[in-house]
Amino acid sequence: MEHSEKQIVFVDTDEVKHVYNVEIVFPFTSKRKRMGIVVSKNGQRDYTLYIKGADSAIKEKLGLTEAEKLEHEADLLSAQGYRTLALAMRKVSREEYSAWSERYSQAQCSLQRRDEKMEDVASQLEGKSMIFLGVTAVEDRLRPNVKSSILLMREAGINVWMLTGDKLETAKTISISTGLLSPFDQIWMFYHTKSAEDFNKKCVEYLSSYNKHYNYFMIIDGESMNQAILTEEANSNFMSLASKAASVCCCRCAPHQKSEITMILKKRAKRILAIGDGGNDVGMIQASDVGIGIEGKEGKQAALASDISVQDFQDLIKLLLFHGRMTYVTVSKMAIFVIHRGLIISTIQFIFILIFFFIDIPIFNGFLIFGYSTIYTNLPVIAITMDEDLDFETLKKYPVLYKELQQGRLLSPKVFFIILMKAIFQGSMILLLTIILFEESINSIVMITFTSLIVTEMINTVSVVSKWTWTLFLCVLSSALIYWLSIVFLEAY
C-alpha cells in the first residue's frame, strides 16, 4: 500500500491495483469527536465519504437499525476493556459534491466564526443516513505496576480521580484493572443525566444513604458532568458527594471538560496534581497546580506542557512518596532553622539593650552579624538539605508516613510558638549567664556570647537531623576554626 497527501494506492488479494484520489480531509476535533476523508476512485464519477470517530458521534449519522447495531457491538467490546472507534461511509454524487464544495470554500474564506462554519458545512455532507462499516477495537494495555502504584497512593492519603474519554463499560473495566474499583465498593453512578434537577435529586439520594463504614466508587459521564457544573447547587452537591467517595471516574470526558473539572477541584480542594500522557490531557495538566507528563507512544505533547516529565507511571511513587515527602520535611526543617536563627540573635540584642539602659549600640559588629548568617551557619544548612530520615524502601512499605504530612504538623502556629519560646529562652540564657559569669569587659562578653550562639545553633541542628552526625561534627570543628581565624584577624588589625 502506498499513500501520499493526494493519492492512496493499494493492491487487493486478487492482485488488482486500486487508486484513490484524496479530495479533502476533515481533521479530528474534540467538538466533532470524529474525522473524515472524501476520496474518488479513478474511472468512477461518484465520490465516497469515510468517517471515523467515537461511537456516540457516529451513531448520530446512522439510521435507527444500524445505530442499534453499532451500540451493541461497541458495548460488547467495551465490556472487555477495549477502546472502540466506529467507521461509516456515504456515497456522494459529483453534482452534490460540487455544490457542497462551493459552500465549504465560502466557509473557509469567512472572516468570522470560520471553524464553526466549516464544521457545520462538513456535517451537512455527512447527513443522517450513512452506512455503518464496523467497529475497531484496541486493547488499552496498562503501564507496568499501575495498580500497585495507585493502591500506594490511596494508602498515602491521596485521592485518585480518573478522567477518560472512554465509554462507561471501558472505564469500569479499566477502573477494576487499576485498583480504583474493588468488588466490595458501592457504586454511585451518574449516566445520561438530562437536567441539573435530576442530578441534584440523585445526589441527595446518594448522600442520604451514605454509610461511612463502606467504600464508595463514583462514576460519572460527560453528559452528567455538564449538569454538575451548570448551577452552583449542583456543583456543591457534586463536590459533597465526590469528597465522600474513595475514588472517582469521569468517563466520556472531552479535553475541555477535563480542564473544567480540574479548575473546579482547585477551588474546593487543597492541591491538584494532574497526570497525562497524550495531547487530550494538555489542558488538564496546565490547569492543575502541578502537572506531570508521561512520555509514551502517544507523543510528547503532555510531557512538553507539564511541570515535571517522567518515563513511566510507576515513577510517580518515588516522586511523591520519597522526593515529595523529603522536600516538605527538608523545607520545614530549614524554615525552623532560619526562623530560630533570626529570633535568637534578635533576643540577645533586645536583652542587651534592656540591661544597658536602652543604649543605641549593637552587641555584635557588622562583620560578626554577616558571618553569623553566612559563614558560621552555612554548613548546618548543607547538613539539613542532605539529611534523609527514611529511605525509599521504608516509605514504600509504609505509605501512611506520607499521609501524616498532610496534617501540617511540621509547620503550624503551634510549631512557630514553640520556636519563639525556645529562641527567647536560649537567647536570654546565653546573654544573662555570660554577663553574670564573665564581667571583665565588653569584648569578652561579645566573644563568649557569639561563641555560645554558634554552638547553640550547631546543637539545634543536631537535634533535627537523623543522619549526618559526623558531618555535623565536622561542621562544628570547621565553624570553630573559621571563628578562631576571624578573632585573630580582628585582634591583629
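A residue is called buried if its relative accessible area is under 20%, exposed if over 50% and partly exposed in between, with a 1.4 Å probe and protein chains only. The model is predicted: local features need pLDDT of at least 70, side-chain atom pairs count only at pLDDT 80 or more, and totals for chains, interfaces and linings use all residues. Residues are numbered from 1 along each chain as its sequence is written, and side-chain values use heavy atoms, with hydrogens and water left out.

Figure 1. Helices (H or I, at least four residues) and strands (E, at least two) are DSSP runs, numbered from the N terminus. The C-alpha trace spans about 110 × 55 × 45 Å along the principal axes. Of the 493 residues, 41% count as buried. The accessible surface comes to about 27,600 Å², and carbon and sulfur atoms hold 58% of that area. These areas come from the Shrake-Rupley method with a 1.4 Å probe; for residues, only the protein chains shown count as cover. A contact means heavy atoms within 4.5 Å. Among contacts in the protein with a separation of 6 or more, 66% are between residues 24 or more positions apart.

**Figure 2. Antiparallel pairing of strands 2, 3 and 4.** Two strands pair if DSSP finds at least two bridges between them. Strand 2 (residues 7-11) and strand 3 (residues 17-26) are joined by five bridges and run antiparallel. Ile8 stands opposite Tyr20 in strand 3. The hairpin of strand 2 and strand 3 has five residues between the strands, and Glu15 takes a positive phi near 65 degrees there. Strand 3 also pairs with strand 4 (residues 34-41), in the antiparallel sense and over six bridges. In this pairing Ile24 stands opposite Val38 in strand 4.

**Figure 3. An open sheet of four parallel strands, in the order 8-11-10-9.** Strand 8 (160-163) and strand 9 (186-190) are the edge strands, and each pairs on one side only. Neighbouring strands are turned by 15 degrees against each other on average, direction ignored. Strand 9 runs parallel to strand 10 (residues 216-221), and five bridges join them. The bridge partner of Ile187 in strand 10 is Phe217. Helix 9 (residues 232-242) lies across strand 8, strand 9, strand 10 and strand 11 (247-251), at about 145 degrees to strand 10. For such angles, axes are lines fitted to C-alpha atoms, for helices over the stretch in contact, and angles run from 0 to 180 degrees between N-to-C directions.

**Figure 4. The side chains of strand 10, which is largely enclosed by the rest of the structure.** Six of the six residues of strand 10 are buried. In a regular strand the side chains alternate between the two faces of the sheet. Here Tyr216, Met218 and Ile220 point one way, while Phe217, Ile219 and Asp221 point the other way.

Figure 5. Cys250 is in no disulfide, and the nearest cysteine sulfur, that of Cys253, is 4.8 Å away. Cys250 is buried, with a relative accessible area of 0%. For Cys251 the closest cysteine sulfur is in Cys249, at 5.6 Å, too far for a bond. Cys251 also counts as buried, at 0% relative accessibility.

**Figure 6. Ser259 in helix 10 (residues 255-268).** Ser259 counts as buried, at 18% relative accessibility. Leaving aside neighbours within four places in sequence, Ser259 is in contact with Gly283, Met284 and Ala287.

**Figure 7. An open sheet of three parallel strands, in the order 12-13-14.** Strand 12 (273-276) and strand 14 (308-310) stand at the edges with a single partner strand each, so one side of each is left without a neighbour in the sheet. The twist averages 20 degrees from one strand to the next. Strand 12 and strand 13 (residues 290-294) pair in the parallel sense over four bridges. The bridge partner of Ile275 in strand 13 is Ile292. Helix 13 (residues 315-355) packs on this sheet and touches strand 12, strand 13 and strand 14. The direction of helix 13 makes about 135 degrees with that of strand 14.

Key:
Disulfide = S-S within 2.5 Å.
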